[in-house]
Each structure stands twice: as structure tokens, then as C-alpha cells.
Amino acid sequence: MKKIIVLFMSFIVLVVALSGCSPKEDKRSDDYKPETLNVEFVPSQNAKTLDAKVKPLQQLLSKELGIPVKVHIATNYNTMVEALKSKKVDDKGHPTSKLVDYYRSQIVVRQNSHLQTLEDLKGKKVGLQDPESTSGYIYPMASLKKVHIHQNDIKIAQIKGHDQALIALLNGDVDAVATYQDARADLKRDYPNIYKDTKVIYRTEKIPNDTISVRSDMDQQWKTKISNAFLEMSKTKKGKTILTDIYGHQGYEKAKDSDFDTVRKYRKLVEE
């Protein structure tokens, strides 16, 4: 699914660090103007693989914004969110035939597995992502709870990266994994038989797409400037190639806070 990433400036997802601004210089809670922008991504694939791809994004964003840009790969979701909360960063930054503003989570098992439904996962070893991951944890766990399977009913294997989860599945280290749809495409080059060797037994409801978000005290003009920079980048051939290579993003559109109410509902279900 060529998913269109949602541009969401009031939520926290894309993380950009600012420099050259001391506490004494803060006049209001919403006048933060970056002198250096540090963009942080949560890795959906091997962090080392992503790390090698970020330089072109740094250069393109710097050109659009007129300030130095540094792109980092976060170790997990909590690290990224805490960085935004502490104001160390300002911003954070899968295919169908058309762009969409949603995607789904999927449960994947080996092709020769007897597992066919969510109910079959009871007592099995399931590879999940960070607990803050929407497609790698929240939606699949909420789906399991709907069929009366709770955390204690499965053996959870915490795995970093959807690609690494699929590799663990192929190696027989886990019985099933939760990934975004369809993360298998990322491994087709190295594992050409991955579609034959695995099968999807469940897909969740629609999940609002990734967001690009900024710290709450950022100057409104800079929010708009960053928003426009990503929108413009996605319209050029070079920019789209860079964004697709790093994160599978095909484009951007603006969003509102209420678009993510469904995520809040699923998260609450998991926490109950």
C-alpha cells in the first residue's frame, strides 16, 4: 500500500531538535524558533539501514527551510516522545494503486503453520513491536482482546523493527508477528520467497497514517514552514524518492486531532 502520510502539526510524531535558544530567551510558550532542526524517525526497519539513507533528507530539508537540519533514528517510541517533551527535539517524522491516509496492521504466520485465526494464537509466541507502536502492538493487542485473548494468554517476544520481526518469523523464532501492511515488501529483495513462505491471517481496521508533529511551544510560522516543506518535498521526483526510500511515504496531507480518536480508543482498550 502506497500510503500517504498524514501531516499533523499538533500531535507528536516527527521530532526536530532546536539549538541556540536558552530558557531566558523564551518570551512565550509558543514562540520557539529553531536555528537547527533535528528530525527524528522511529525505525520501522533496521535502524542501521535507515541511518544510511537520511543524508539526502537532511540536505533537502535544509534547502527548503534555510537552516541546518540533522535527521536521527530513535531507538524506540518512548525515546522520541520524551525528547519532544523535554524540548530536545521539535519534530518527528507502507502499497495500493492510489494514495491513502490510512494503513492496517496485520498478523503474519509461516505458510505451513496450522494457525488460521486470532483465536489460534492463544499460547503461542507472538513477535510484537514497542508498546507504543500502533500497528506493531496497540491494534493487534486490542484485536486479540476482542476475541478474549489477553497479554498473559500469549508469549510476547519484543522485537525492534517490522523487518526484524518477519526475519524472526522466517527463522522459526516466533509463531506469528504483527507488522504494518504489507511489511513483507521491504524484505522481498533479500527474501524473494517471503510471500510464498508466509501468510496473513488477520488485518485490523484502518489506522490513521504516520504523522509529522512538532513540539507544542513552536512558533506558528515555523509550524507552517515545516509543514509546507514536507508538502513541497513530496511533490518533486527527488523528494518523493528520498521519502519513499526512508519510510515508504508517498505524499502528505493535513490532518486534525480528531482524526486520531480511533487510536486513542484502541490504546485505552489495550490498557484496560
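Start with Lys206: its charged end sits over the ring of Tyr102, 4.4 Å from the ring centre. There's also Arg215, whose charged end is over the ring of Tyr32, with 3.4 Å to the centre. Keep in mind that this is a predicted model.

Now, rings on rings. How many aromatic pairs does the structure hold? Two. Tyr139 and Tyr266 make up a stacked one, at 4.0 Å centre to centre and 0° between the planes. Where do these tyrosines come from? Tyr139 is in helix H4 and Tyr266 is in helix H9, so the pair ties together parts that sit 127 residues apart in sequence. And are they buried or exposed? Tyr139 has 0% relative accessibility, so it counts as buried. Tyr266 comes in at 3%, so that one counts as buried too.

The other pair is Phe230 with Tyr252, and this one is edge-to-face: 5.6 Å between centres, 65° between the planes. Phe230 belongs to helix H7, residues 220-233, while Tyr252 belongs to strand E14, residues 252-254, so here the parts being tied together are 22 residues apart in sequence. Burial again: Phe230 counts as buried because its relative accessibility is 1%. For Tyr252 the figure is 8%, and the cut-off for buried is under 20%, so Tyr252 counts as buried as well.

Okay, on to the nonpolar cores. The largest has 38 residues, and the members that touch the most other members are Ile107, Leu121, Met141, Leu144, Leu166, Val174 and Val177. Which helices and strands supply at least two residues each? On the strand side you've got E7 (105-110), E8 (125-128) and E10 (176-180). On the helix side, look at H4 (134-146), H5 (162-170) and H9 (261-271). H4 gives the most, six residues.

What does it touch, once you skip anything up to four places away in sequence? Gln106, Ile107, Val108 and Gly127, plus Ala165, Leu166 and Leu169. Of those neighbours, Ile107 and Leu166 are also on the list of members with the most core contacts.

And apart from that core lies another one, of 25 residues, including Leu61, Val71, Val214 and Ala229.

That's what I have. Over to you.

Technical notes. Residues numbered from 1 in each chain as written. Predicted model: local features only at pLDDT ≥ 70, side-chain atom pairs only at ≥ 80, totals over all residues. Heavy atoms only, no water. Core = buried A, V, L, I, M, F, W, Y, C linked by side-chain atoms within 4.5 Å. Buried < 20%, exposed > 50% of the residue type's maximum accessible area, 1.4 Å probe, protein only. Helix = DSSP H or I, 4+ residues; strand = E, 2+ residues; numbered from the N terminus. Contact = heavy atoms within 4.5 Å. Phe/Tyr/Trp six-rings, centres within 6.5 Å; stacked < 30°, edge-to-face > 60°. Lys NZ or Arg CZ within 6 Å of the ring centre and 35° of its normal.
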